[in-house]
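Please examine the structure shown here and follow the explanation paragraph by paragraph.

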Amino acid sequence: MNGDNILFATSPNFPVGAEWSNTHRFYARFSQAELMAGENTEVTAGALFFEACDSNWFDQFTGDLRPEARNQFYAGARLALLEMRVPLTDMEAFGTYMERDDQPDPPWVEIYSGSAGYGPPLYLYANLFQEAANRFLDKIDLLDNRRARRLDQTVSLNHLPDATEAELKAALDPVGNASIPYAIAYDVGQGNATGLCGDDDVVLAYFDLGGGAGAHASTFPKALKFFCFTKDPVIILSHWDHDHWSSAHRAPAAFGRTWIAPRQTIGVIQAAVVTKIVSAGRLLLAGASFRSKRYGRLWLERCTGSGRNNGGLALTLNEKTDGKGPEMLFPADAQYRYVSSCASGKSYHSLIAPHHGAAPHASSVPGPLAYPTSRLVYSYGAGNSYGHATSAARSTHQSAGWIDPKVAPAAPTGVVRNTEDRNSTGLGHVLLSWNPHVTPPPLPCGGTGCQLQAVQL
């Protein structure tokens with residue numbers, strides 16, 4: 001696994017550099033937004049991310065989207081992740097509402113950039129894992145209907161049917177009915193990846209396979225070289241933000257697995273990822289009609305909010321196959337109030353905090369059950385520009401009973417763990433186990449096949 005040479009698409013021809021030096025015009029769709037923290041962790045600006053492509057390249061598109069043509073089209077794609085940083089006072093001018101959950105599907109825009117100027121900084125990532133090329137925004141316009149329709153056709157998921165209940169059951173029942181003695185929240189920097197592990201300490205399924213990318217690529221641990229695919233694990237994708245799937249590019253074997261993902265509005269980069277999954281593996285889309293379903297120990301549900309974060313998939317892991325006993329909740333980036341099974345006053349054995357510890361949008365959060373192995377995990381990268389995990393998230397969870405040494409240093413060891421807290425191996429994977437452990441469960445490969453052994457109990 002070598003992130004230095006991994007591109008969005010399969011073509012090796014378009015790294016950041018001379019090939020992009022004359023590119024000043026992009027077709028783009030807004031992807032996600034984050035609040036950025038200043039020196040004193042105060043919010044000072046917003047980071048807007050756009051999934052983009054070189055407009056000159058796209059204008060040569062013939063319109064042929066048969067499977068073979070689609071693969072060839074994206075194999076030579078000139079794709080870029082554009083990050084624009086603007087003062088909070090300018091956020092609404094760009095049509096982005098940081099505190100709202102009802103944002104409609106974003107329109108296609110045309111972004112003009114220059115290497116010098118007076119507009120907001122614009123950072124061009126032609127590779128999720130390399131440094132950005134620095135640009136400035138000259139202007140941003142709504143794209144005309146004709147070109148917008150062509151882009152919609154190119155990134156549309158309409159050519160893929162919704163997964164049937166039988167398909168989802170066949171993919172998830174073998175996992176949910178197996179013994180899952182523990183899960184591990186992996187240290188992937190500023191991102192999310194969780195493994196559900198069997199009795200033989202091998203990963204049976206992943207909930208997200210993301211990691212630090214773009215401006216946060218450096219937060220991904222250098223010690224993590226390989227992921228585990230020994231048991232052909234299914235990959236459940238919570239939503240299509242790049243920090244939740246980007247490590248598939250670090251571990252290309254992931255593309256050959258079965259993926260379960262929500263049907264959501266996507267951009268050109270995600271469409272290229274979809275094409276790779278469909279070509280090498282299998283993609284089961286949970287459509288609008290999918291609400292929730294039990295698959296043995298697994299309770300998979302569609303979150304009830306709109307937008308990508310709050311309208312994706314959340315996963316609950318039960319100790320018992322019939323759904324009884326304690327539960328672990330993995331909400332990904334969804335706020336608790338959009339996870340229907342997370343009823344008011346409910347408590348969990350363990351939690352992975354939503355959105356890497358972003359500021360919560362609720363006055364209360366679920367509390368812990370009284371188990372010695374109960375844990376709350378913040379999955380984030382040290383030094384991230386968003387200030388995750390925020391003091392607001394920590395204090396709110398602390399008030400709910402999740403004792404956090406970073407909030408109350410004089411408290412006992414506490415139940416809160418942070419994936420940024422790496423040990424001598426350079427990793428901070430956190431064990432979420434039903435049963436106490438004196439030492440973390442060992443990997444059957446001894447760490448030669450992957451580096452996924454838990455290091456924090």
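This is a predicted model: local features need pLDDT of at least 70, side-chain atom pairs count only at pLDDT 80 or more; totals for chains, interfaces and linings use all residues.

His429 itself lies in the loop between strand S21 (416-418) and strand S22 (430-433). Is this residue buried or exposed? His429 has a relative accessibility of 0% and therefore counts as buried, since the term applies to residues under 20% relative accessible area.

Burial can also be followed along a helix. In helix H4 (residues 165-176), the buried residues are Leu168, Ala171, Leu172, Asp173, Val175 and Gly176. An α-helix has 3.6 residues a turn, so residues three or four places apart point the same way. What covers the buried residues of H4? The cover includes strand S9 (203-209), strand S10 (234-236), strand S11 (258-262), strand S12 (282-286), strand S13 (292-295) and strand S14 (298-302).

The next topic is the packing of one helix against another. Two packed helices are described by the angle between their axes and the distance between the axes. Helix H2 (residues 67-75) packs with helix H6 (residues 268-280) at an angle of about 130°, and their axes are 10 Å apart. H2 is therefore oblique to H6. The crossing of H2 and H6 is left-handed. On the side of H2, the contact is made by Arg70, Asn71 and Tyr74; H6 contributes Val268, Ala271, Ala272, Thr275 and Ser279. Of the residues in the contact of H2 with H6, four are nonpolar, three are polar and one is charged.

A contrasting case of accessibility is found in helix H8 (residues 391-399), to which Ser399 belongs. Ser399 has a relative accessibility of 68%, so it counts as exposed. Ser399 and Ser364 are 35 residues apart along the chain, and their C-alpha atoms are separated by 8.3 Å.

Finally, the cysteines may be considered. How many disulfides does the structure hold? The number of disulfides is zero. Cys450, for example, is in no disulfide, and the nearest cysteine sulfur, that of Cys445, is 4.3 Å away. Cys450 is buried, with a relative accessible area of 3%. Cys53 also counts as buried, at 0% relative accessibility.

Methods: Residues are numbered from 1 along each chain as its sequence is written. Side-chain values use heavy atoms; hydrogens and water are left out. A disulfide is a pair of cysteine sulfur atoms within 2.5 Å. Buried means under 20% relative accessible area, exposed over 50%, partly exposed in between (1.4 Å probe, protein chains only). Axes are lines fitted to C-alpha atoms, for helices over the stretch in contact, and angles run from 0 to 180 degrees between N-to-C directions. Helices (H or I, at least four residues) and strands (E, at least two) are DSSP runs, numbered from the N terminus. Angles under 35 degrees count as roughly parallel, over 145 as roughly antiparallel, 65 to 115 as roughly perpendicular and the rest as oblique. A crossing is left-handed if the near helix is turned anticlockwise from the far one by less than a right angle, and right-handed if clockwise. Contact means heavy atoms within 4.5 Å. Ala, Val, Leu, Ile, Met, Phe, Trp, Tyr, Cys and Pro count as nonpolar, Asp, Glu, Lys and Arg as charged, and the others, Gly among them, as polar.
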